[in-house]
Every structure is written in C-alpha cells, then in structure tokens.
Number of protein chains: 2
Amino acid sequence: MPLKIDNRIPDIVIGRLPLYLRALNRLKQVGVDVTSSHELGQKLGISSAQIRKDLSHFGGFGKQGTGYQIDFLIDKLQSVLKLDRQWKVAVVGAGDLGSAISHYRGFIDRGFEISWLFDADSEKVGTQVDRFVVLPMSDIKKTLTDNHCQIAMVAVPAEYAQNVADTLVEAGVKAILNYAPINLTVPEGVMVQYIDPVVHMQHMTYYLDDEE
Amino acid sequence: MPLKIDNRIPDIVIGRLPLYLRALNRLKQVGVDVTSSHELGQKLGISSAQIRKDLSHFGGFGKQGTGYQIDFLIDKLQSVLKLDRQWKVAVVGAGDLGSAISHYRGFIDRGFEISWLFDADSEKVGTQVDRFVVLPMSDIKKTLTDNHCQIAMVAVPAEYAQNVADTLVEAGVKAILNYAPINLTVPEGVMVQYIDPVVHMQHMTYYLDDEE
C-alpha cells in the first residue's frame, strides 16, 4: 500500500486499528463497557503490549490499571480512521460477487455506503440488483467525479480488472478494494487492497497434514 | 495464525508465497517463460531482495543472472504449499455470499474444490445452489470426517460464526476461512484466516482526503 511519505505511524499499525475497532464493537454489542489490552489481545491473537504500543501512537486512550472505556475508544479509533462519516462506495461488476456485495447489510454501520453498481455487460445494465439499477461503465467517470467518490470495489473477472482500475483512477478514486485475483498497477497516491480467498487458503495448506 | 513451533520458516514468508504463485501463473497465462525477482517485485510491490530471500528458504530456484523459469518455480511453490493436489473445501452458509462462492469457478485450478454447501436454515436445506444440494448442519460432522475434509469456509452471519467454527473443529477441520466479521476462538492446531472487506476499507480511509 502506498504511504504518505510524511506519515510517521507505520502502516502496519494503521492496519491493525480496524481489527481493534471490530473487536471493541463486538464487546459493546454484548454489553461490555470496559476492556483491557489483555482481553483485546486474547480475542485478536495480538499481544497486549503490541496493542498498548499501537494505541499509544494516538495519545492516551486508557489509564494504567483501569482499562479502556469501550465507547470512548471506539469514538477515538473511528475518528483516527476517518469513520466519523459515511464513505460512498462504488462497486464495479454486477455478477454473483457484486450482487452479494449489493445485498450485504454489514457495510453501513461500519462507515461505508454502497452507492452505485456498474457493469460493462449491456444485458445487466438497467436491471435491478437489490436497491440498485445497474449503471453502464460509460457513466462511471461522471458519476464518481460529481459525487467525489474516493472508494471503489472491483468485482470483475481478472482479465478486466486492470482496465476497470485505470478507469476508476481517471474518475478520481483513491482507494480500490480488488476482488479480482490479479495484482493491479496504479499510480502513486492510489491505494489498492486485495481480497483473494485462495491466497488465504494456500497460506494455510502449507501447515496442513498431508494425509487426506 | 497458529504456527507449528518447530517450523523454521517465518509465517510471513509463507504468506507471501501464494502472491508469488499468483503473479507467476498470470505471467505464464500471457505467455512469459522466464521472469526475475525484479519483475515479480514490480508486479507485487515487494522488493526484489525480499523475494530472493523468501525463495532462498526453499533452495535454489533461479540462477544469478538468468532469472526464474516460471514453470519450474510454479511447480516448486505448489509443492511447498501442498497445492500439488486438490483440497476439498466445505462451505457453511448458503446465503448470498455462500451462493457466490458456490458459483465461482476460480478455486479449482488453484488447488481447491468446493465440495459441500451446508446451511442451518431448513428452508434452504435440500435446495439446489449451483451444482450443490444444500445439506443440513446435522450432516456436517459425518460428511467432513468421512471425507477427511480439513478446510472450510464460514459464510454465516457474525452471531452464528463461533458456533459453526466449534462444529467444524469437532468435525476435524484444521483450516477455516472466516467471512463473518468476528474473531473466532479455536483450539491450538486449528488455523483461521479472515476475509473482511470493511477492515481493508477502514485501513485505507485513514489515508484519504477529508473533503468529500
């Protein structure tokens, strides 16, 4: 992921904050008010020392011995991660995956509103998928530019993903979540993160027993 | 991810091998026979020194100055990652995501065969999703044990995910890919990897411009 050069907090720390936030929200849901770096660490498989060190980058979140106020820490982390607002997200690709993303209700209360669904297939354009009418790729630049949309998900086959990414970059998108199993080339200042379930499974098979 | 204690290769190295494999297969698809750590590094945003060091853990994959034979390196990496076989995978959850996974054709040529689709909802059990008849949760232990299935994907809502994981562990599953936005607690010797698109997007929003 490209970093701002002047940024002093390591990207690996930033990458852990959403995990802390998710665990904290989960604790809140089950009625917990206060937690500790120890409890969080156990839930996440991260050492409590690491959690305290990560959080210390952003100032004093908890007092020694009294633990973290969960509501307060959630607010702070949301503010650090700029989740104290709703980000509009464009989805490109109205196939099975793009449709599943459109149906999923788990984005909205975590900072993201899926706002548009695009597809290159003229048979899909104009059809209804969940609450969206599928839009043609010819609309994408104007739509995203007009709405200052900075985030997009790419849910198209691998062979189209780079072209789609190029279009998104032209439309001003700065953060791409790529579901296509291919590495994207983007200019500096544009971030890409990858979702590829096979990569995760191939990581685990290394450790599996041979006998099957 | 839990590691075998006696394993001397860092897990972070193992985690990069699937990315190398994906990039190599992509090069092969477009007709390239030979590549270099420099070319791979550029595609992946990883330094060529890192790639050479990672690969050196597994012996001599390339000769100085002549680059890597792509076919040879693919074979070697597949062997290291135990992908020189097909792993049967169970999917739990026949909702939108589980259905999208069932329809997806990109697993089979990367080492994985989606083999069963389970759901707790009696209205879904018995229905056809792609080439699967949805099976009831009551079948899961016997089916996975009988077939020595070691890998499962969890595609159920967060509130059910821990229960499903417990059942999978009882059924002998050693590797879980969890799509539910919650951290799972599993015994030692069982691995979990996570797919949570929101975590990736929240990581990127930190770097986005405020103006929207």
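## Close-up views of a predicted two-chain model

**View 1. Pro197(A) and its surroundings.** Pro197(A) counts as buried because 21 C-beta neighbours lie inside 10 Å. (A residue is buried if 20 or more other C-beta atoms lie within 10 Å of its own, exposed if 12 or fewer, and partly exposed in between, with C-beta atoms placed from the backbone.) The model is predicted: local features need pLDDT of at least 70 and side-chain atom pairs count only at pLDDT 80 or more, while totals for chains, interfaces and linings use all residues. Residues are numbered from 1 along each chain as its sequence is written, and chains are lettered from A and ligands numbered from 1 in the order in which they are written. Pro197(A) is part of helix 8 of chain A. (Helices, H or I with at least four residues, and strands, E with at least two, are DSSP runs numbered from the N terminus.) Leaving aside neighbours within four places in sequence, Pro197(A) is in contact with Leu177(B) and Ile195(B). (Contact requires that the C-beta atoms of two residues, placed from the backbone, lie within 7 Å.) Between Pro197(A) and Arg22(A) there are 20 Å in space, C-alpha to C-alpha, and 175 residues in sequence.

**View 2. Helix 8 of chain A on strands of chain B.** Helix 8 of chain A, residues 197-205, lies across strand 3, strand 4, strand 8, strand 9 (175-178) and strand 10 of chain B. Helix 8 of chain A runs at about 160 degrees to strand 9 of chain B. (Axes are lines fitted to C-alpha atoms, for helices over the stretch in contact, and angles run from 0 to 180 degrees between N-to-C directions.) Helix 7 of chain B, residues 158-170, packs on the sheet and touches strand 3, strand 8 and strand 9 of chain B. The direction of helix 7 of chain B makes about 170 degrees with that of strand 8 of chain B.

**View 3. The side of chain B that touches chain A.** The contact takes 53 residues from chain A and 52 residues from chain B. On the chain B side, at least two residues each come from helix 1 (11-29), helix 2 (37-44), helix 5, strand 9, strand 10 and helix 8 (197-205). Helix 8 of chain B gives the most to this side, with nine residues.

**View 4. The open sheet of chain B.** Six strands of chain B form an open sheet in the order 7-4-3-8-9-10, with parallel pairing. (Two strands pair if DSSP finds at least two bridges between them.) Strand 7 (135-136) and strand 10 (191-194) of chain B are the edge strands, and each pairs on one side only.

**View 5. Strand 3 of chain B and its partners.** Five of the six residues of strand 3 of chain B (residues 87-92) are buried, so this strand is largely enclosed by the rest of the structure. Strand 3 of chain B pairs in the parallel sense with strand 4 of chain B (residues 112-119) over six bridges. In strand 4 of chain B, Phe118(B) stands opposite Val92(B). Between these two strands the chain passes through helix 5 of chain B (residues 96-103), and this β-α-β crossover is right-handed. (Right-handed means that, with the strands pointing away from the viewer, the path from the first strand over the helix to the second runs clockwise.) With strand 8 of chain B (residues 151-154), strand 3 of chain B pairs in the parallel sense over four bridges. In strand 8 of chain B, Ile151(B) is the bridge partner of Val89(B), and Met153(B) is that of Val91(B).

**View 6. Helix 7 of chain A.** Ala161(A), Val164(A), Ala165(A) and Leu168(A) are buried in helix 7 of chain A, residues 158-170. Seen down the helix axis, the buried residues fall within an arc of 105 degrees, so they line one face of the helix. (The arc is that of the directions from the helix axis to the C-beta atoms.) On the other side of helix 7 of chain A, Glu159(A), Asn163(A) and Glu170(A) are exposed. The cover over the buried residues includes strand 3 (87-92), strand 8 (151-154) and strand 9 (175-178) of chain A. After helix 7 of chain A comes Gly172(A), whose phi is positive, near 95 degrees.
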